[in-house]
Amino acid sequence: MAGLGRGSKIFQQNLKITQLGKRGQIDEAIKVFNRITHPNTVTYNSMISAYSKNGRIYDARKVFDKMRLKNLVSWNTMINGYLFNGQVNEACELFDKMPERDHFTYALMITCFARNGALEKARDVFESFPDKSNVACWNAMLTGCAKAGRLNDARQLFDEMPEKNLVSWNSMLSGYTQNGEMKFGLKFFEEMEEKDVVSWNLLLDGFIEVGDLDSAKEVFAKVPYPNVVSRVTMLSGFARYGMILEAERIFDQMQEKNEVAWNAMLAAYVQNGKIDMAASLFNRMSQRSAVAYTTMIDGYVRAGKLKEARDLLDNVPYKNVGARTAMISGYVQNNRVDEARWIFDRTATRDVICWNTMIAGYAQCGRIDEAFDLFKKMEPKSIVVWNTMIAGYAQVGQMGKALEMFEKMGERNVISWNSLISGYTQNGFYIDALKHFIMMSRDGKKPDQSTFASALSSCSNLAAEHMGKQLHQVVIKSGYVKNLSACNALIFMYAKCGNIFDAEKMFEDVENADIISWNSLLAGYALNGYGKEAVKLFDEMEEKEVVPDEVTFVSVLSACKHAGLSNAGANLFEHMTKKYSINPSPEHYACMVDLLGRAGRLEEAFLLIKEMKTKVTAEMWGALFGACRMHNNLKIAGCAIEKLLELEPHTSTNLVVLSNMYAELRRWGDVERVRETIKKSGAGRLPGCSWIEDRKQFLVFLCSDDISAQAAENFNVLLPLSAQMMDMCHMPATTSFGLDLDS
């Protein structure tokens with residue numbers, strides 16, 4: 001009897017470890033495990049599983065290695081733990097060492113490879129399984145193909161299966177619904193020989209995922225015996241699309257509400273910003289799981305109520321990494337990184353998400369050295385945190401470090417490549433960005449909309465239309481031609497390259513143009529001097545009730561200044577402040593100063609600068625100075641140059657221009673005085689640089705670079721062209737091409 005009592009007790013303790021592990025209460029699970037004097041194999045297996053599910057895979061392996069007697073379940077549990085934590089190589093290594101394997105082991109490995117996109121390896125494991133009649137392995141392979149979007153391969157497997165069960169049918173149905181192929185999914189559903197509530201729920205979830213709520217409601221009404229999952233799926237669907245009253249109606253109609261239902265309704269309130277209603281529901285909950293606490297803390301964080309979030313965290317009855325991570329995220333989002341670190345340091349058990357959140361917090365705030373210190377301590381390092389560090393170094397302009405991280409990481413995904421490519425683009429290394437775009441394809445990674453947006457942006461900045469057109473074809477072949485971010489990048493690329501016709505055509509083909517689409521075409525008009533077209537497009541924007549933003553007005557004002565539309569620009573500037581209540585930024589003021597200056601309204605431009613409430617920038621004084629140069633107004637030019645020298649004491653370009661202005665008026669004494677000022681200031685100039693795309697190559701030209709054999713020939717062509725332009729009043733009669741005559 002004593003033996004039976006001891007057996008019953010250890011059974012209860014093993015069950016307790018499993019339950020605590022599922023709830024995320026790993027510290028409590030450890031206490032129960034340590035109190036067991038005679039642990040059996042089940043005890044060890046339960047603890048391995050608990051550690052694995054809470055991200056402590058190294059601790060799980062220590063327990064596994066301590067076991068004197070390992071059964072097949074022990075090996076499978078440890079492999080499953082590795083797979084759960086994304087450590088595929090370790091899982092494979094253990095798989096090779098196994099003394100025996102069952103169908104569950106093979107199914108695990110097939111699932112593992114398939115989830116990580118290694119379908120060929122999954123197929124190798126599938127082919128090596130001796131029992132080809134085992135339906136579980138067929139289902140694992142089928143599910144892998146379906147989740148990877150290879151629906152034709154999945155359907156071929158399904159048709160070849162020697163035996164099918166309900167899981168097989170549901171796996172194929174899931175492939176259709178999860179990939180948004182609802183037409184095929186519905187047809188397959190109608191052909192199913194046998195259906196259960198899972199089948200109905202898959203169809204229901206599929207319609208919700210594609211945003212077809214009407215069809216989802218029809219399916220929900222037809223489910224023969226809806227379960228909690230059916231109702232929670234429909235509830236969550238309503239919540240996702242902001243239909244909170246319909247979500248509440250389903251919740252209230254549920255006779256039996258389990259933990260999942262309560263948490264789903266709580267999440268619905270949080271997602272829709274109903275924080276007070278979420279708090280009321282949370283207080284009504286008889287049992288609050290770790291998920292409920294985490295959701296509620298996240299809700300307070302979203303609402304900016306950090307004090308309430310922190311108070312709730314302090315009252316969580318057990319240590320939970322999810323709740324603490326939500327609090328860390330809240331502090332990070334509000335730039336309170338040191339407080340986030342305080343919580344992080346006092347979190348005994350940290351999972352991958354907790355580490356990633358804290359490291360990302362430092363990176364986003366530009367504290368990249370502190371991010372790197374934490375990164376070195378993190379074990380194991382997830383692919384997410386490697387990507388975070390690459391993006392962090394790119395954000396602070398350290399592309400050498402970003403590349404070093406990229407080269408050191410083992411496995412790379414699309415986000416890894418995107419982080420590097422976008423980093424190069426944002427920091428002005430456009431050719432490097434395009435080079436790595438090509439390398440990405442060679443590495444077998446398929447570009448997504450973010451990759452295309454960065455690569456096209458680089459083409460825009462290089463004015464490399466030939467390469468941009470090639471990318472356009474790749475966008476079409478990759479199926480992203482309808483993607484809004486890719487379309488916007490194409491509009492801007494064509495516009496920046498001077499091809500307004502194709503930019504307009506791209507804009508017309510966009511189905512749901514957003515503000516970025518309109519701004520991209522407006523910026524194209526501005527860059528290419530199409531002032532009237534820009535004003536017309538702006539009017540069309542207002543007719544279609546698209547609300548302009550700050551960027552819109554920068555573009556349209558810039559277009560007006562290039563086209564000499566001073567009155568239209570002044571009206572738009574007034575329109576911006578009075579109708580749309582947009583406070584003018586330094587960029588807007590600079591546009592207006594330039595616009596008035598170009599029109600010869602120099603006194604108005606000068607007065608605008610003197611009366612503005614925002615900080616006057618060098619760009620504004622530079623615009624005024626440029627206008628003075630155009631209209632030979634030395635009085636205001638002198639005032640502008642004084643201000644420019646205060647703001648940019650080491651920039652000699654403006655002094656050179658002033659010297660040229662004096663030279664044109666033959667005031668040689670003033671010319672000498674300005675040149676002496678340049679020499680005394682010690683202001684050095686980086687050589688001007690231009691480039692052109694010719695025959696798929698970039699030709700780069702530096703100012704004063706006369707070492708080329710063709711330099712003299714080039715200047716012989718340019719000099720008469722310059723003279724003709726001066727005669728036709730297309731450019732002011734200034735000294736040569738910015739050549740340093742002294743040298």
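Predicted model: local features only at pLDDT ≥ 70, side-chain atom pairs only at ≥ 80, totals over all residues.
1. Helix 39. This helix runs over residues 618–631. Its 14 residues should span 20 Å at 1.5 Å a residue, and its end C-alpha atoms are 20 Å apart, so the two values agree. Its buried residues are A618, M620, W621, A623, L624, F625, A627 and C628. Just after helix 39 comes N632, with a positive phi of about 55 degrees.

2. Aromatic pairs: F33 and Y44. The whole structure holds 23 aromatic pairs. One of them joins F33 and Y44 in an edge-to-face arrangement, with 5.9 Å centre to centre and 70 degrees between the planes. F33 belongs to helix 2 (residues 26–35) and Y44 to helix 3 (residues 41–53), so the contact ties together parts 11 residues apart in sequence. F33 is buried, at 16% relative accessible area. Y44 has 21% relative accessibility; buried means under 20%, so Y44 counts as partly exposed.

3. Aromatic pairs: F452 and Y480. The ring centres lie 5.9 Å apart and the planes meet at 55 degrees, so this pair is tilted. F452 sits in helix 29 (residues 449–462), and Y480 in the loop between helix 30 (465–478) and helix 31 (484–496). The pair therefore ties together parts 28 residues apart in sequence. F452 and Y480 are both buried.

4. Ring cluster. F158, W169, Y176, F184 and F188 are linked into a cluster by ring pairs.

5. Lysines over rings. K257 lies over the face of F251, 5.1 Å from the ring centre. K381 lies over the face of F375, 5.2 Å from the ring centre.

Notes:
Residues numbered from 1 in each chain as written. Heavy atoms only, no water. Helix = DSSP H or I, 4+ residues; strand = E, 2+ residues; numbered from the N terminus. Expected span 1.5 Å × (residues − 1). Buried < 20%, exposed > 50% of the residue type's maximum accessible area, 1.4 Å probe, protein only. Phe/Tyr/Trp six-rings, centres within 6.5 Å; stacked < 30°, edge-to-face > 60°. Lys NZ or Arg CZ within 6 Å of the ring centre and 35° of its normal.
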